[in-house]
Amino acid sequence: MTEAPMIINGVEIRDSFAEAFPMAGTRLIITADTQRWAHTAAASLTGFATSVIGCGCEAAIERQLDPDETPDGRPGYAVLIFAMSLKDLKKVVPLRAGQCVLTSPTSACYSGLEGGAAIALGRALRYFGDGHQIAKSIEGRRFWRIPVMEGEFVCDEVVGSTTAAVGGGNFLILARSRPAALAAAEVAVEAMGQVSGAIMPFPGGVVRSGSKVGAKYAGMIASTNDAYCPTLRGVSKSALPPEVESVLEIVIDGLSEQDVAASMQAGITAVCGLGAAAGVVAIDAGNYGGNLGPFHFKLRQLMAPVAGETTL
Amino acid sequence: MSAYRLTLRAPLAARADLSGINPATLAGLSAQAVAWLTLPYGNGAVPLGDLFEVSQVEGGALMISGDPRLDFVGAQMAEGEIEVDGPVGVLAGSGMIGGRLVIRGDAGDGLAAGLEGGRIEVAGSAGAGVGGALTGDRQGMKDGMVAVAGAVGPGLGARMRGGLVLVGGDAGPRAADGLIAGTLAVAGRLGAGAGRGMKRGTILVASAPEAPAPGFVSTGPHDFVMLALLARRVPELAGLFGDRLGGRAERLVGNRLAGGAGEILVLQ
């Protein structure tokens, strides 16, 4: 006997699940004299960090911080960085902070996560000071002041980390048209931006080129997800109903399984809020049959509390 | 939760050594057992009960009535809280590892000497060698925080290795002598000869020092993000300097005669 379909505001929630993986993650707080330059540093730090497959890490801005939320009272951003292992994280964090934040005018870089294994920040960057760097321990925390041409770069000695992070949470928006898919994805990303502890690392939070594992070509570890390509309907085994013309994916990394679940729920809820009237047909998710990743985010289970409150 | 109050029966006629008397060492002892503890007093020793009336009070802090001849108050304390109502003698809080010592009066010489952790607050002034080294030690205080509302005597922070000392009033001559690391903040005037042999560390002052030790070079005024960070992490420091801890300061680097890279930051 098949399960009854779940439909929210005319949008079908498919009986599928997102398959996610354990990751190591951390949070940095980046500040600057102005919001613009804090954003520049944060955007630079999180640039080219969409997927561990090609970038070595996944990173994005988590949220904007008001001056009264930052360690030095200046405008700032919280960013999250994830890697496949603690070893990788220990490599990418000082590398990116050194190339993208240390170099950015007026910036400072602080730890945004306590506990876990210590990731070197100032402990690694201080050597740029060539002996003129100054350590300052304040109320149990050690900071470094590195003289630079513009003044001083201030950063924490280390940043905490977690190995309970989860990467690869995702959902797919199946829509009647390309504009409808894009509009729905934008609404989802906006809503998911309100959830702390999670990021959407792809450009603007959205992926247009979801992938499957492997390819016909040797050496390609991932290739286009032909089952969800509307132009291949009838050529490959398609997962798309006839009315779907465009599919966009949102990938989520979080500091914990709960953060990813909350983010997915917020995003799917927002898309369902637009409903079938806005051209959204269904919500699906990407997985590998459930044998690769230990975390399974079942769409219908996630949306059950929302579906219960919504008129079908 | 109850603790003890030690009330002096009369002003001390000789110096009394209170080292080893702290909340942790008194925990679990009856008032009678506390009164039987032996205190070095003058050139001999007496039961604590001979000098103090011992009573139980509500709260977690050990309450002691102060006297300028009461030495080593809170020395070596690792945890808990001591509140002294009145002045204390020499070496209060020396070698303290943790906990909180509050002195509602003046403190003698050697306050916080060899401090390794915890907080010491003095409502009055303090004598010479605040945060300095214990006899025979090469280094002064290593960590923790000391806040003196009034003035301090000569030799503030001599050979200090870390931690933070806040001085609400003036600091006597030869502050930061051989200072290795850590931060001294002086809201009043910084006495002559400050920073002789200073290696690293920071002296924060509200006004330009009249006669620092030779060997300091001015790098000019700058905007320091670090000062804004300090102001937010240490509210007492912001309280000491007010809005002037906003970020701009003249930086004097020294002591170059000793190859040092310490600094005196003069708030603008």
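# Two chains in a predicted complex

Buried residues make up 48% of the 312 residues in chain A; a residue is buried if 20 or more other C-beta atoms, placed from the backbone, lie within 10 Å of its own, exposed if 12 or fewer, and partly exposed in between. This is a predicted model, in which local features need pLDDT of at least 70 and side-chain atom pairs count only at pLDDT 80 or more, while totals for chains, interfaces and linings use all residues. Residues are numbered from 1 along each chain as its sequence is written, and chains are lettered from A and ligands numbered from 1 in the order in which they are written.

Reader: What ipTM does the predictor give the complex?
Author: Confidence in each residue is expressed as pLDDT, from 0 to 100, and chain B averages 95, with 99% of its residues at 70 or above. For the complex, the predictor gives a pTM of 0.92 and an ipTM of 0.90.

Reader: What is the radius of gyration of chain A?
Author: Chain A has seven helices and 18 strands, counted as DSSP runs (helices H or I, at least four residues; strands E, at least two) numbered from the N terminus. The globule rule, 2.2 Å times the number of residues to the power 0.38, is compared with a radius taken over C-alpha atoms. For 312 residues the rule gives 20 Å, so chain A is as compact as a globular protein of that length, with a radius of gyration of 21 Å.

Reader: How many residues does domain 2 of chain A give to the contact with domain 1 of chain A?
Author: Chain A is divided into domain 1 (6-16 + 165-309) and domain 2 (24-160), with bounds from an automatic or database domain assignment. Their centres, taken over C-alpha atoms, are 31 Å apart. Two residues are in contact if their C-beta atoms, placed from the backbone, lie within 7 Å. On that criterion domain 1 of chain A gives 13 residues, and domain 2 of chain A gives twelve.

Reader: Which elements of chain A give two or more residues to the side that touches chain B?
Author: The contact takes 14 residues of chain A and 13 residues of chain B. The chain A side divides into five nonpolar, four polar and five charged residues, where Ala, Val, Leu, Ile, Met, Phe, Trp, Tyr, Cys and Pro count as nonpolar, Asp, Glu, Lys and Arg as charged, and the others, Gly among them, as polar. The elements of chain A are strand E8 (134-138), strand E9 (141-148) and strand E10 (151-156).

Reader: What do the buried residues of H4(B) pack against?
Author: Helix H4 (residues 225-233) of chain B is mostly covered, with seven of its nine residues buried. Among them are Val225(B), Met226(B) and Leu227(B). The buried residues of H4(B) pack against helix H5 (235-241) and strand E16 (248-254) of chain B, together with strand E6 (108-111), E8, E9 and E10 of chain A.

Reader: Why does Ala16(B) count as buried?
Author: Ala16(B) is found in strand E2 (residues 16-17) of chain B. Leaving out residues up to four places away in sequence, Ala16(B) touches Leu39(B), Tyr41(B), Leu51(B), Arg69(B), Leu70(B) and Asp71(B). Ala16(B) counts as buried because its C-beta neighbours inside 10 Å number 24.

Technical notes:
pLDDT is the predictor's confidence in each residue, from 0 to 100.
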